[in-house]
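Here is a short report on a protein chain and its ligand. Keep the structure open while you read.

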Amino acid sequence: MSHNVAVISATGLFTPDQSISNEELVESFNQYVDKFNSENETAIKAGDVEALTHSSVEFIEKASGIKARNVLDKDNILNPDVMVPLFPERPNEQLSIMAEIGVKACEQALAAAGRDAKDVDAILCACSNMQRAYPAVAVEIQDALGMEEAFGFDMNVACSSATFGIQTAVDYIKSGNAKSVLVVSPEITSAHLNWRDRDSHFIFGDVATAVLVEQKDIAPDTHWEILGTKLKTKFSNNIRNNFGFLNRTSPETRDNADKLFVQEGRKVFKEVVPMVATMIGDHANALDIDATGLRRLWLHQANAGMNRLIAQRVLGHEANEDESPTVLDSYANTSSAGSIIAFHSHSQDLKSGDIGLICSFGAGYSAGSVFVKKS
Ligand code: CO8
(Lines give C-alpha, C1' and ligand atoms only; values in the text may rest on other atoms or scores of the structure.)
Protein backbone atom coordinates (compact mmCIF):
# COMPACT_ATOMS: atom_id res chain seq x y z
CA MET A 1 0.00 0.00 0.00
CA SER A 2 1.47 3.36 -1.02
CA HIS A 3 0.94 6.52 1.03
CA ASN A 4 -0.70 8.68 -1.61
CA VAL A 5 -2.69 11.54 -0.12
CA ALA A 6 -6.24 11.95 -1.51
CA VAL A 7 -7.94 15.32 -1.92
CA ILE A 8 -11.19 16.75 -3.24
CA SER A 9 -10.11 18.76 -6.28
CA ALA A 10 -13.53 20.16 -7.16
CA THR A 11 -17.28 19.59 -7.03
CA GLY A 12 -20.15 20.11 -9.48
CA LEU A 13 -23.86 20.71 -9.02
CA PHE A 14 -26.75 20.41 -11.46
CA THR A 15 -29.99 21.98 -10.22
CA PRO A 16 -33.21 21.50 -12.26
CA ASP A 17 -34.75 24.83 -13.25
CA GLN A 18 -38.24 23.91 -11.99
CA SER A 19 -39.12 24.36 -8.33
CA ILE A 20 -42.25 23.58 -6.29
CA SER A 21 -43.04 25.69 -3.22
CA ASN A 22 -44.78 24.19 -0.18
CA GLU A 23 -47.85 26.27 -1.04
CA GLU A 24 -48.07 24.84 -4.57
CA LEU A 25 -47.45 21.30 -3.32
CA VAL A 26 -50.09 21.45 -0.59
CA GLU A 27 -52.67 23.04 -2.88
CA SER A 28 -52.34 20.19 -5.38
CA PHE A 29 -52.27 17.51 -2.64
CA ASN A 30 -55.41 18.92 -1.02
CA GLN A 31 -57.22 18.96 -4.37
CA TYR A 32 -56.39 15.26 -4.70
CA VAL A 33 -57.68 14.61 -1.16
CA ASP A 34 -60.94 16.48 -1.80
CA LYS A 35 -61.52 14.59 -5.03
CA PHE A 36 -60.76 11.21 -3.40
CA ASN A 37 -63.06 11.91 -0.46
CA SER A 38 -65.92 13.05 -2.65
CA GLU A 39 -65.57 10.09 -5.03
CA ASN A 40 -65.52 7.69 -2.07
CA GLU A 41 -68.14 9.45 0.06
CA THR A 42 -70.45 6.45 0.44
CA ALA A 43 -67.68 3.99 1.26
CA ILE A 44 -66.16 6.45 3.75
CA LYS A 45 -69.55 6.91 5.48
CA ALA A 46 -69.98 3.13 5.63
CA GLY A 47 -66.55 2.83 7.25
CA ASP A 48 -65.16 0.77 4.36
CA VAL A 49 -62.66 3.38 3.21
CA GLU A 50 -60.66 5.79 5.34
CA ALA A 51 -61.04 9.47 4.46
CA LEU A 52 -57.84 11.27 3.51
CA THR A 53 -56.64 14.35 5.42
CA HIS A 54 -55.29 17.64 4.10
CA SER A 55 -51.59 18.42 4.20
CA SER A 56 -50.33 21.70 5.65
CA VAL A 57 -47.62 24.20 4.74
CA GLU A 58 -47.09 25.10 8.41
CA PHE A 59 -46.57 21.46 9.41
CA ILE A 60 -44.08 20.82 6.61
CA GLU A 61 -41.92 23.79 7.43
CA LYS A 62 -42.03 23.27 11.18
CA ALA A 63 -41.40 19.49 11.06
CA SER A 64 -38.70 19.49 8.38
CA GLY A 65 -37.37 22.98 7.54
CA ILE A 66 -38.24 22.39 3.87
CA LYS A 67 -39.77 25.29 1.94
CA ALA A 68 -39.35 24.17 -1.69
CA ARG A 69 -37.86 21.41 -3.86
CA ASN A 70 -36.39 21.34 -7.39
CA VAL A 71 -37.90 18.79 -9.75
CA LEU A 72 -37.53 17.62 -13.34
CA ASP A 73 -41.28 17.64 -14.15
CA LYS A 74 -43.27 20.10 -12.07
CA ASP A 75 -46.50 20.07 -14.12
CA ASN A 76 -47.23 16.35 -13.81
CA ILE A 77 -46.21 16.14 -10.14
CA LEU A 78 -48.65 18.96 -9.35
CA ASN A 79 -51.46 17.63 -11.53
CA PRO A 80 -53.84 15.95 -8.97
CA ASP A 81 -54.81 13.40 -11.61
CA VAL A 82 -51.18 12.37 -12.29
CA MET A 83 -48.96 13.13 -9.24
CA VAL A 84 -45.84 11.52 -10.67
CA PRO A 85 -43.16 12.94 -13.00
CA LEU A 86 -43.54 11.64 -16.56
CA PHE A 87 -40.37 10.99 -18.54
CA PRO A 88 -41.00 9.52 -22.00
CA GLU A 89 -38.89 6.39 -22.52
CA ARG A 90 -35.79 7.20 -24.57
CA PRO A 91 -34.31 4.96 -27.27
CA ASN A 92 -31.20 3.07 -26.12
CA GLU A 93 -29.06 5.19 -28.46
CA GLN A 94 -30.02 8.34 -26.55
CA LEU A 95 -28.38 9.40 -23.27
CA SER A 96 -30.62 8.27 -20.40
CA ILE A 97 -32.08 10.92 -18.10
CA MET A 98 -30.01 9.86 -15.06
CA ALA A 99 -26.83 9.93 -17.10
CA GLU A 100 -27.80 13.29 -18.58
CA ILE A 101 -28.01 15.12 -15.26
CA GLY A 102 -24.96 13.22 -13.95
CA VAL A 103 -22.92 14.36 -16.96
CA LYS A 104 -23.85 18.00 -16.26
CA ALA A 105 -22.62 17.79 -12.67
CA CYS A 106 -19.41 15.98 -13.74
CA GLU A 107 -18.65 18.53 -16.44
CA GLN A 108 -18.88 21.30 -13.88
CA ALA A 109 -16.51 19.52 -11.48
CA LEU A 110 -14.01 18.76 -14.25
CA ALA A 111 -14.07 22.39 -15.49
CA ALA A 112 -13.59 23.70 -11.95
CA ALA A 113 -10.52 21.46 -11.51
CA GLY A 114 -9.17 22.14 -15.03
CA ARG A 115 -9.14 18.37 -15.59
CA ASP A 116 -9.63 16.73 -18.99
CA ALA A 117 -12.15 13.85 -18.72
CA LYS A 118 -9.65 11.63 -20.59
CA ASP A 119 -7.31 11.88 -17.59
CA VAL A 120 -9.86 10.56 -15.06
CA ASP A 121 -9.29 6.89 -14.18
CA ALA A 122 -12.60 5.84 -12.63
CA ILE A 123 -16.21 6.93 -12.16
CA LEU A 124 -18.61 5.73 -9.47
CA CYS A 125 -22.30 6.47 -9.87
CA ALA A 126 -23.37 6.55 -6.22
CA CYS A 127 -27.04 7.24 -5.47
CA SER A 128 -30.31 5.89 -4.07
CA ASN A 129 -31.92 4.39 -7.16
CA MET A 130 -30.63 3.40 -10.58
CA GLN A 131 -32.97 3.71 -13.54
CA ARG A 132 -32.13 0.23 -14.83
CA ALA A 133 -30.26 -2.88 -13.82
CA TYR A 134 -27.56 -2.67 -16.51
CA PRO A 135 -25.49 -1.47 -18.24
CA ALA A 136 -24.30 0.60 -15.29
CA VAL A 137 -25.25 4.27 -15.41
CA ALA A 138 -21.64 5.03 -14.43
CA VAL A 139 -20.39 3.38 -17.63
CA GLU A 140 -22.85 5.41 -19.69
CA ILE A 141 -21.64 8.66 -18.07
CA GLN A 142 -18.04 7.52 -18.60
CA ASP A 143 -18.81 7.08 -22.30
CA ALA A 144 -20.63 10.43 -22.61
CA LEU A 145 -17.68 12.23 -21.00
CA GLY A 146 -15.13 10.49 -23.23
CA MET A 147 -13.21 8.80 -20.40
CA GLU A 148 -11.77 6.18 -22.73
CA GLU A 149 -9.24 4.49 -20.43
CA ALA A 150 -11.39 4.54 -17.27
CA PHE A 151 -13.63 2.04 -15.49
CA GLY A 152 -16.90 2.70 -13.69
CA PHE A 153 -19.66 1.05 -11.69
CA ASP A 154 -22.87 1.86 -9.82
CA MET A 155 -23.21 1.71 -6.07
CA ASN A 156 -26.19 2.30 -3.80
CA VAL A 157 -26.10 3.04 -0.08
CA ALA A 158 -29.20 5.31 -0.17
CA CYS A 159 -28.55 8.71 1.42
CA SER A 160 -24.95 7.77 2.24
CA SER A 161 -23.99 6.78 -1.30
CA ALA A 162 -21.78 9.83 -1.96
CA THR A 163 -19.64 9.49 1.18
CA PHE A 164 -19.31 5.73 0.60
CA GLY A 165 -18.22 6.63 -2.95
CA ILE A 166 -15.66 9.13 -1.63
CA GLN A 167 -14.12 6.52 0.69
CA THR A 168 -13.96 4.04 -2.21
CA ALA A 169 -12.23 6.69 -4.35
CA VAL A 170 -9.77 7.46 -1.52
CA ASP A 171 -8.96 3.74 -1.20
CA TYR A 172 -8.26 3.49 -4.96
CA ILE A 173 -5.93 6.47 -4.73
CA LYS A 174 -4.13 5.19 -1.62
CA SER A 175 -3.64 1.76 -3.17
CA GLY A 176 -2.36 3.26 -6.43
CA ASN A 177 -5.24 1.82 -8.49
CA ALA A 178 -6.32 5.30 -9.65
CA LYS A 179 -5.15 8.91 -9.44
CA SER A 180 -8.37 10.66 -10.38
CA VAL A 181 -11.90 9.44 -9.58
CA LEU A 182 -15.32 11.00 -10.17
CA VAL A 183 -18.11 10.26 -7.68
CA VAL A 184 -21.41 11.29 -9.26
CA SER A 185 -24.82 11.29 -7.54
CA PRO A 186 -27.77 11.89 -9.87
CA GLU A 187 -30.80 11.77 -7.58
CA ILE A 188 -34.19 11.66 -9.33
CA THR A 189 -36.02 11.22 -6.03
CA SER A 190 -39.28 12.58 -7.49
CA ALA A 191 -39.72 9.27 -9.32
CA HIS A 192 -39.53 7.09 -6.19
CA LEU A 193 -41.52 9.33 -3.91
CA ASN A 194 -45.22 8.66 -3.31
CA TRP A 195 -46.66 12.14 -3.98
CA ARG A 196 -50.05 10.91 -2.67
CA ASP A 197 -48.63 10.07 0.79
CA ARG A 198 -49.27 12.90 3.27
CA ASP A 199 -46.47 11.73 5.60
CA SER A 200 -43.73 11.99 3.00
CA HIS A 201 -44.94 13.91 -0.08
CA PHE A 202 -42.99 17.04 0.91
CA ILE A 203 -39.61 15.47 1.68
CA PHE A 204 -37.63 15.05 -1.56
CA GLY A 205 -36.25 16.93 -4.57
CA ASP A 206 -34.20 16.22 -7.72
CA VAL A 207 -30.54 17.18 -8.26
CA ALA A 208 -27.14 15.83 -9.34
CA THR A 209 -23.76 16.36 -7.70
CA ALA A 210 -20.21 15.32 -8.61
CA VAL A 211 -17.05 15.14 -6.51
CA LEU A 212 -13.61 14.82 -8.13
CA VAL A 213 -11.30 12.92 -5.76
CA GLU A 214 -7.62 12.93 -6.76
CA GLN A 215 -4.10 12.14 -5.72
CA LYS A 216 -2.72 15.31 -4.13
CA ASP A 217 0.29 15.65 -6.42
CA ILE A 218 -1.89 16.05 -9.54
CA ALA A 219 -4.60 18.19 -7.92
CA PRO A 220 -5.11 21.92 -8.51
CA ASP A 221 -3.47 24.26 -5.94
CA THR A 222 -6.81 24.96 -4.27
CA HIS A 223 -8.24 21.68 -2.98
CA TRP A 224 -9.45 19.92 0.15
CA GLU A 225 -7.17 17.33 1.71
CA ILE A 226 -9.13 14.31 2.94
CA LEU A 227 -7.91 13.73 6.50
CA GLY A 228 -9.96 10.60 7.08
CA THR A 229 -13.13 8.75 6.10
CA LYS A 230 -15.33 6.41 8.12
CA LEU A 231 -18.38 4.39 7.15
CA LYS A 232 -21.02 2.64 9.24
CA THR A 233 -24.09 0.52 8.53
CA LYS A 234 -26.68 -1.01 10.82
CA PHE A 235 -29.72 -2.84 9.48
CA SER A 236 -33.07 -1.12 9.95
CA ASN A 237 -36.45 -1.36 8.22
CA ASN A 238 -37.41 2.16 9.23
CA ILE A 239 -36.53 3.60 5.81
CA ARG A 240 -37.30 1.18 3.02
CA ASN A 241 -38.23 0.86 -0.66
CA ASN A 242 -39.20 -2.64 -1.82
CA PHE A 243 -39.12 -1.88 -5.54
CA GLY A 244 -37.04 -4.42 -7.42
CA PHE A 245 -36.82 -6.99 -10.17
CA LEU A 246 -38.46 -9.69 -8.04
CA ASN A 247 -41.69 -7.65 -7.74
CA ARG A 248 -43.03 -9.28 -10.92
CA THR A 249 -42.73 -12.68 -9.27
CA SER A 250 -45.32 -11.72 -6.63
CA PRO A 251 -48.01 -10.02 -8.71
CA GLU A 252 -50.43 -9.84 -5.76
CA THR A 253 -48.27 -7.20 -4.02
CA ARG A 254 -46.53 -5.68 -7.04
CA ASP A 255 -48.30 -2.33 -6.92
CA ASN A 256 -48.34 -1.79 -3.16
CA ALA A 257 -47.20 1.56 -1.78
CA ASP A 258 -44.10 -0.07 -0.22
CA LYS A 259 -42.61 -0.25 -3.73
CA LEU A 260 -41.91 3.48 -3.25
CA PHE A 261 -40.14 5.29 -0.40
CA VAL A 262 -41.66 4.60 3.04
CA GLN A 263 -40.32 5.44 6.46
CA GLU A 264 -41.04 5.65 10.17
CA GLY A 265 -39.82 9.24 10.29
CA ARG A 266 -39.99 9.72 14.03
CA LYS A 267 -38.05 6.49 14.77
CA VAL A 268 -35.44 7.47 12.19
CA PHE A 269 -35.04 10.84 13.84
CA LYS A 270 -34.62 9.33 17.32
CA GLU A 271 -32.25 6.52 16.34
CA VAL A 272 -30.06 8.24 13.76
CA VAL A 273 -29.20 11.42 15.70
CA PRO A 274 -27.26 9.62 18.50
CA MET A 275 -25.75 7.10 16.07
CA VAL A 276 -24.32 9.84 13.86
CA ALA A 277 -23.21 12.17 16.68
CA THR A 278 -21.31 9.30 18.34
CA MET A 279 -19.76 8.21 15.06
CA ILE A 280 -18.49 11.73 14.32
CA GLY A 281 -17.07 12.12 17.84
CA ASP A 282 -15.27 8.75 17.69
CA HIS A 283 -13.93 9.44 14.21
CA ALA A 284 -12.64 12.88 15.23
CA ASN A 285 -10.90 11.36 18.27
CA ALA A 286 -9.28 8.69 16.14
CA LEU A 287 -7.91 11.39 13.83
CA ASP A 288 -6.84 13.59 16.78
CA ILE A 289 -9.21 16.34 15.67
CA ASP A 290 -10.98 18.52 18.24
CA ALA A 291 -14.57 18.22 17.00
CA THR A 292 -15.64 21.31 18.95
CA GLY A 293 -13.17 23.35 16.88
CA LEU A 294 -14.46 22.27 13.46
CA ARG A 295 -14.90 25.29 11.21
CA ARG A 296 -17.95 23.92 9.39
CA LEU A 297 -20.23 20.88 9.18
CA TRP A 298 -21.76 19.95 5.84
CA LEU A 299 -24.41 17.54 7.10
CA HIS A 300 -26.84 15.34 5.21
CA GLN A 301 -29.94 17.38 4.45
CA ALA A 302 -32.95 15.38 5.67
CA ASN A 303 -34.40 17.43 8.49
CA ALA A 304 -33.41 20.78 10.02
CA GLY A 305 -34.15 19.55 13.55
CA MET A 306 -31.90 16.49 13.16
CA ASN A 307 -29.05 18.68 11.92
CA ARG A 308 -29.52 21.11 14.80
CA LEU A 309 -29.22 18.28 17.34
CA ILE A 310 -26.27 16.55 15.65
CA ALA A 311 -24.35 19.83 15.22
CA GLN A 312 -24.97 20.75 18.85
CA ARG A 313 -23.64 17.40 20.08
CA VAL A 314 -20.56 17.61 17.86
CA LEU A 315 -19.65 21.28 18.42
CA GLY A 316 -20.76 21.46 22.06
CA HIS A 317 -22.98 24.48 21.40
CA GLU A 318 -25.97 25.47 19.24
CA ALA A 319 -24.59 25.83 15.72
CA ASN A 320 -25.35 28.88 13.61
CA GLU A 321 -25.93 28.84 9.84
CA ASP A 322 -22.25 29.64 9.26
CA GLU A 323 -21.12 26.57 11.23
CA SER A 324 -23.77 24.16 9.90
CA PRO A 325 -25.37 25.54 6.73
CA THR A 326 -28.66 24.16 5.46
CA VAL A 327 -29.81 23.84 1.87
CA LEU A 328 -33.01 22.05 2.91
CA ASP A 329 -35.14 25.14 2.53
CA SER A 330 -34.73 25.35 -1.25
CA TYR A 331 -33.52 21.82 -2.22
CA ALA A 332 -35.44 19.65 0.31
CA ASN A 333 -33.93 16.18 0.93
CA THR A 334 -31.94 15.15 -2.14
CA SER A 335 -30.75 11.88 -0.61
CA SER A 336 -27.02 11.25 -1.17
CA ALA A 337 -26.49 14.64 -2.84
CA GLY A 338 -27.53 16.73 0.20
CA SER A 339 -24.25 17.04 2.10
CA ILE A 340 -22.40 17.56 -1.21
CA ILE A 341 -24.73 20.43 -2.20
CA ALA A 342 -24.05 22.01 1.20
CA PHE A 343 -20.28 21.58 0.70
CA HIS A 344 -20.39 22.85 -2.90
CA SER A 345 -22.46 25.92 -2.01
CA HIS A 346 -20.86 26.84 1.31
CA SER A 347 -17.13 26.17 1.22
CA GLN A 348 -15.60 28.96 -0.89
CA ASP A 349 -15.20 31.33 2.06
CA LEU A 350 -13.11 28.97 4.23
CA LYS A 351 -9.43 29.78 4.72
CA SER A 352 -6.30 27.71 4.26
CA GLY A 353 -5.96 25.26 7.16
CA ASP A 354 -9.67 25.29 8.08
CA ILE A 355 -11.03 21.83 8.90
CA GLY A 356 -14.61 20.76 8.20
CA LEU A 357 -16.73 17.63 8.01
CA ILE A 358 -18.93 16.21 5.26
CA CYS A 359 -21.36 13.73 6.82
CA SER A 360 -24.24 11.70 5.42
CA PHE A 361 -26.80 9.43 7.05
CA GLY A 362 -29.94 7.59 5.97
CA ALA A 363 -31.45 4.29 4.92
CA GLY A 364 -29.61 1.11 5.85
CA TYR A 365 -29.12 2.66 8.33
CA SER A 366 -25.94 4.02 6.82
CA ALA A 367 -23.63 6.88 7.75
CA GLY A 368 -20.38 8.24 6.36
CA SER A 369 -18.00 10.93 7.63
CA VAL A 370 -15.27 12.68 5.63
CA PHE A 371 -12.97 15.16 7.40
CA VAL A 372 -11.39 17.69 5.02
CA LYS A 373 -8.78 20.48 5.35
CA LYS A 374 -8.56 23.42 2.96
CA SER A 375 -5.22 23.74 1.17
N1 CO8 B 1 -49.43 17.87 6.91
C2 CO8 B 1 -50.00 18.03 8.10
N3 CO8 B 1 -49.87 17.18 9.13
C4 CO8 B 1 -49.13 16.08 8.92
C5 CO8 B 1 -48.49 15.81 7.67
C6 CO8 B 1 -48.67 16.76 6.65
N7 CO8 B 1 -48.10 16.61 5.44
N8 CO8 B 1 -47.81 14.67 7.75
C9 CO8 B 1 -48.00 14.18 9.00
N10 CO8 B 1 -48.80 15.04 9.71
C11 CO8 B 1 -49.30 14.89 11.09
C12 CO8 B 1 -49.37 13.45 11.52
O13 CO8 B 1 -50.60 12.89 11.11
C14 CO8 B 1 -49.25 13.56 13.02
O15 CO8 B 1 -50.51 13.89 13.56
P16 CO8 B 1 -50.96 13.29 15.00
O17 CO8 B 1 -49.98 13.84 15.98
O18 CO8 B 1 -52.35 13.81 15.15
O19 CO8 B 1 -50.86 11.81 14.86
C20 CO8 B 1 -48.34 14.78 13.23
O21 CO8 B 1 -48.37 15.49 12.00
C22 CO8 B 1 -46.92 14.41 13.56
O23 CO8 B 1 -46.45 13.40 12.60
P24 CO8 B 1 -45.02 12.78 12.66
O25 CO8 B 1 -44.75 12.27 14.04
O26 CO8 B 1 -44.86 11.84 11.51
O27 CO8 B 1 -44.15 14.10 12.34
P28 CO8 B 1 -42.68 14.44 12.70
O29 CO8 B 1 -42.66 15.61 13.57
O30 CO8 B 1 -41.89 13.23 13.12
O31 CO8 B 1 -42.11 14.89 11.26
C32 CO8 B 1 -40.74 14.00 9.47
C33 CO8 B 1 -42.12 14.00 10.16
C34 CO8 B 1 -40.51 15.38 8.86
C35 CO8 B 1 -40.73 12.95 8.38
C36 CO8 B 1 -39.63 13.72 10.50
O37 CO8 B 1 -39.97 12.61 11.30
C38 CO8 B 1 -38.28 13.46 9.90
O39 CO8 B 1 -37.75 14.22 9.10
N40 CO8 B 1 -37.63 12.37 10.32
C41 CO8 B 1 -36.30 12.02 9.84
C42 CO8 B 1 -36.45 11.37 8.56
C43 CO8 B 1 -35.16 11.07 7.88
O44 CO8 B 1 -34.10 11.56 8.14
N45 CO8 B 1 -35.30 10.20 6.94
C46 CO8 B 1 -34.22 9.87 6.14
C47 CO8 B 1 -34.80 9.61 4.84
S48 CO8 B 1 -33.69 9.83 3.65
C49 CO8 B 1 -33.09 8.36 3.10
O50 CO8 B 1 -32.27 7.68 3.63
C51 CO8 B 1 -33.78 8.05 1.90
C52 CO8 B 1 -33.19 7.19 0.93
C53 CO8 B 1 -33.86 7.11 -0.33
C54 CO8 B 1 -34.32 8.34 -1.01
C55 CO8 B 1 -35.74 8.19 -1.41
C56 CO8 B 1 -36.24 9.22 -2.37
C57 CO8 B 1 -37.72 9.21 -2.63
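## Overall fold

This is a predicted model. The chain holds eleven helices and 13 strands. Its radius of gyration is 21 Å, close to the 21 Å that the globule rule gives for 375 residues, so the chain is as compact as a globular protein of that length. Along the principal axes, the C-alpha atoms fill a box of roughly 70 × 55 × 35 Å.

Of the 375 residues, 53% count as buried. The chain exposes about 17100 Å². Carbon and sulfur atoms supply 48% of that area. Take the contacts between residues at least 6 apart in sequence: 78% of them join residues at least 24 apart.

## The ligand site

The ligand is surrounded by 28 residues. Cys159, Gln263, Arg266, Asn303 and Ala363 are the closest. By type, the shell divides into 13 nonpolar, twelve polar and three charged residues.

For asparagine 303, an N or O atom in the side chain lies 2.7 Å from an oxygen atom of the ligand. Alanine 363 uses its backbone: a polar atom there is 2.7 Å from an oxygen atom of the ligand. On its own, the ligand has 1200 Å² of accessible area, and the protein covers 75% of this. The largest share comes from α8, with three residues.

Threonine 189 sits in the loop between β6 (180–187) and β7 (207–215). Is it buried or exposed? Threonine 189 counts as buried, because its relative accessibility is 1% and the cut-off for buried is under 20%. Beyond its neighbours within four places in sequence, threonine 189 is in contact with Phe204, Gly205, Asp206, Asn333, Thr334 and Ser335.

Leucine 260 lies in the loop between β9 (239–240) and β10 (262–263). Its relative accessible area is 25%, so leucine 260 is partly exposed. Residues up to four places away in sequence aside, leucine 260 touches Ala191, His192, Leu193, Asn194, Arg240 and Asn241. The C-alpha atoms of leucine 260 and leucine 193 are 5.9 Å apart, though 67 residues separate the two in sequence.

## Backbone features to check

Two cis peptide bonds deserve a look. One joins tyrosine 134 and proline 135, with omega about 0°. Proline 135 is in the loop between β4 (122–126) and α6 (137–145). Another joins glycine 364 and tyrosine 365, with omega about -10°. Tyrosine 365 is in the loop between β12 (355–362) and β13 (366–374).

Aspartate 288 is not a glycine, yet its phi is positive, about 65°. This residue lies in the loop between α8 and β11 (296–299). Aspartate 288 counts as exposed, at 73% relative accessibility. Alanine 332 also has a positive phi, near 60°. The place of alanine 332 is the loop between α10 (328–331) and α11 (338–345). Alanine 332 is buried, with a relative accessible area of 0%.

Conventions:
Residues are numbered from 1 along each chain as its sequence is written. This is a predicted model: local features need pLDDT of at least 70, side-chain atom pairs count only at pLDDT 80 or more; totals for chains, interfaces and linings use all residues. Side-chain values use heavy atoms; hydrogens and water are left out. A residue is near a molecule or strand if one of its heavy atoms lies within 4 Å of it. A polar contact is a pair of N or O atoms within 3.5 Å; within protein, one must be able to donate a hydrogen and the other to accept it, and residues adjacent in sequence count only if both atoms are side-chain atoms. Accessible areas come from the Shrake-Rupley method with a 1.4 Å probe; for residues, only the protein chains shown count as cover. Helices (H or I, at least four residues) and strands (E, at least two) are DSSP runs, numbered from the N terminus. Ala, Val, Leu, Ile, Met, Phe, Trp, Tyr, Cys and Pro count as nonpolar, Asp, Glu, Lys and Arg as charged, and the others, Gly among them, as polar. Buried means under 20% relative accessible area, exposed over 50%, partly exposed in between (1.4 Å probe, protein chains only). Contact means heavy atoms within 4.5 Å. The radius of gyration is taken over C-alpha atoms; the globule rule is 2.2 Å times the number of residues to the power 0.38.
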